[in-house]
Amino acid sequence: MNEDEDFSAIVRADISSRFDENDSSLRPHLLQDFLGQEGIKKNLKTFIEAARQRSEPLDHLLLIGPPGLGKTTLAQITANELGVDFKVTSAPALEKPKDLAGILSTITERTVFFIDEIHRLKPAIEEMLYIAMEDFELDWIIGQGAAARTVRIPIPPFTLIGATTKAGSVSSPLRSRFGFIPRFEFYTHEELAKIITRSAGILNVQIEKDAALLLAQCCRGTPRVANRVLRRMRDFAQVEGKGLITVDIVDSGLKKLDIDEMGLEKYDREILLSIIQNFGGGPVGAETLAISIGESMDTLEDYYEPYLIQCGLLQRTPRGRIVTAKAYEHLGLKASDNNSAQGTLF
């Protein structure tokens, strides 16, 4: 990596750190304050209490679900509820086995170690992790060539929490080592309205009950999106209103942000329109579709498609993606308009 790349990496890390700090102000710190995902919370509360009573580390957890649903937050809450240290990293940041060894050699008893995007672990690091998860030991090679030998270094018992948006990409050997594998679901409008109201209180801004519910309906079932859009509504209310987020402020603000009544953003509608205009409504492969809209396939599959599928606007089939009749209706088009759809969609 050259000096320019080093500098860029430092800048990205600094921006990411500041974003996390800004976002963390809205994150709940205890399980009782975490809204939604009731089934997961109920089970996790039991497992945490059992681990505390036995003074043992919690079993390893694998959190599965689309981005922005609270996987990182729940991992932090787990550490808080257990009263233990919390270490966090992401799989792409672990480039060599020594990176993982460096973290695990400094953990304390029952530490919660969180790895985001765990499906992106490199094979050599994943194999080292197997032994650490099961035996609480590190395999380390000392010496070189014919004199090389492997030694096992004990580490304190810990809890690994992995998060992934692609459950199918997590290898079977790694997946089998987790004791609890909950799957996060999109939030209901009522749950999001409660989250928005809570966040508004933390941000010191007032929001009408009906405005919170209207905003919740347009936030993709995702708390991260809800908090992001709430901040923009706060700006509109401060500059264009009297500091109170009303239904009118939300309605006007969503139009300015190009977010429609189903929570679809400009890119969501462009994806649907591209399939209709360029591929006759489908089927079309993910790679071809990503190229046609100028977006990466990972972003298409991880961020845009889950919500479009959840809304019943898009289908994944063995032959590719297909736009549904509901999508035509939402866009104000007819199925016969496949190759002639024109104009704006908002």
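What is the handedness of the crossing of α9 and α10? In this predicted model, the crossing of α9 and α10 is right-handed. Helix α9 covers residues 223-240, and helix α10 covers residues 247-256. Their axes come within 10 Å and cross at roughly 115°. That angle makes α9 roughly perpendicular to α10. On the α9 side, the contact is made by Val 229, Met 233, Phe 236, Ala 237 and Glu 240. On the α10 side, Ile 249, Val 250, Ser 252, Gly 253, Leu 254 and Lys 256 take part. By class, seven of these residues are nonpolar, two are polar and two are charged.

The wider setting is the protein chain. The chain has 346 residues, and 43% of them count as buried. Its secondary structure consists of 14 helices and 10 strands. Contacts between residues at least 6 apart in sequence were also examined. Of these contacts, 70% join residues at least 24 apart.

Helix α9 was then considered on its own. This helix has 18 residues. From first C-alpha to last, α9 reaches 25 Å, close to the 26 Å expected at 1.5 Å a residue. Its buried residues are Pro 223, Val 225, Ala 226, Asn 227, Val 229, Leu 230, Arg 231, Met 233, Phe 236 and Ala 237. Val 229, Met 233, Phe 236 and Ala 237 are buried, and these residues also belong to the contact with α10. In an α-helix there are 3.6 residues a turn, so residues three or four places apart point the same way.

Helix α9 also packs against α7. The angle between α7 and α9 is about 45°, and their axes are 10 Å apart. The two helices are therefore oblique to each other. Their crossing is right-handed. From α7, the contact is made by Leu 192, Ile 195, Ile 196, Ser 199 and Ala 200. From α9, Pro 223, Ala 226, Asn 227 and Leu 230 contribute. This contact has seven nonpolar residues, two polar ones and no charged ones.

Helix α7 has a further partner in α8. Helix α7 spans residues 189-202, and helix α8 spans residues 209-216. They pack at an angle of about 120°, with their axes 8 Å apart. Helices α7 and α8 are therefore oblique to each other. The crossing of this pair is right-handed. His 189, Leu 192, Ala 193, Ile 196 and Thr 197 of α7 meet Ala 212, Leu 213, Leu 215 and Ala 216 of α8. By class, the contact of α7 with α8 has seven nonpolar residues, two polar residues and no charged residues. Leu 192 and Ile 196 of α7 take part in the contact with α8, and both also take part in the contact with α9.

Helix α5 was examined separately. This helix runs over residues 123-135 and has 13 residues. The distance from its first C-alpha to its last is 19 Å, close to the 18 Å expected at 1.5 Å a residue. Buried positions in α5 are Ile 125, Glu 126, Met 128, Leu 129, Tyr 130, Ile 131, Ala 132 and Met 133. Pro 123 lies in α5 and is exposed, with a relative accessible area of 60%. Pro 123 and Ser 171 are 48 residues apart in sequence. In space, their C-alpha atoms are 9.7 Å apart. Just after α5, Phe 136 takes a positive phi of about 55°.

Definitions and conventions. Residues are numbered from 1 along each chain as its sequence is written. This is a predicted model: local features need pLDDT of at least 70, side-chain atom pairs count only at pLDDT 80 or more; totals for chains, interfaces and linings use all residues. Side-chain values use heavy atoms; hydrogens and water are left out. Axes are lines fitted to C-alpha atoms, for helices over the stretch in contact, and angles run from 0 to 180 degrees between N-to-C directions. Helices (H or I, at least four residues) and strands (E, at least two) are DSSP runs, numbered from the N terminus. Angles under 35 degrees count as roughly parallel, over 145 as roughly antiparallel, 65 to 115 as roughly perpendicular and the rest as oblique. A crossing is left-handed if the near helix is turned anticlockwise from the far one by less than a right angle, and right-handed if clockwise. Contact means heavy atoms within 4.5 Å. Ala, Val, Leu, Ile, Met, Phe, Trp, Tyr, Cys and Pro count as nonpolar, Asp, Glu, Lys and Arg as charged, and the others, Gly among them, as polar. The expected span of a helix is 1.5 Å times one less than its number of residues. Buried means under 20% relative accessible area, exposed over 50%, partly exposed in between (1.4 Å probe, protein chains only).
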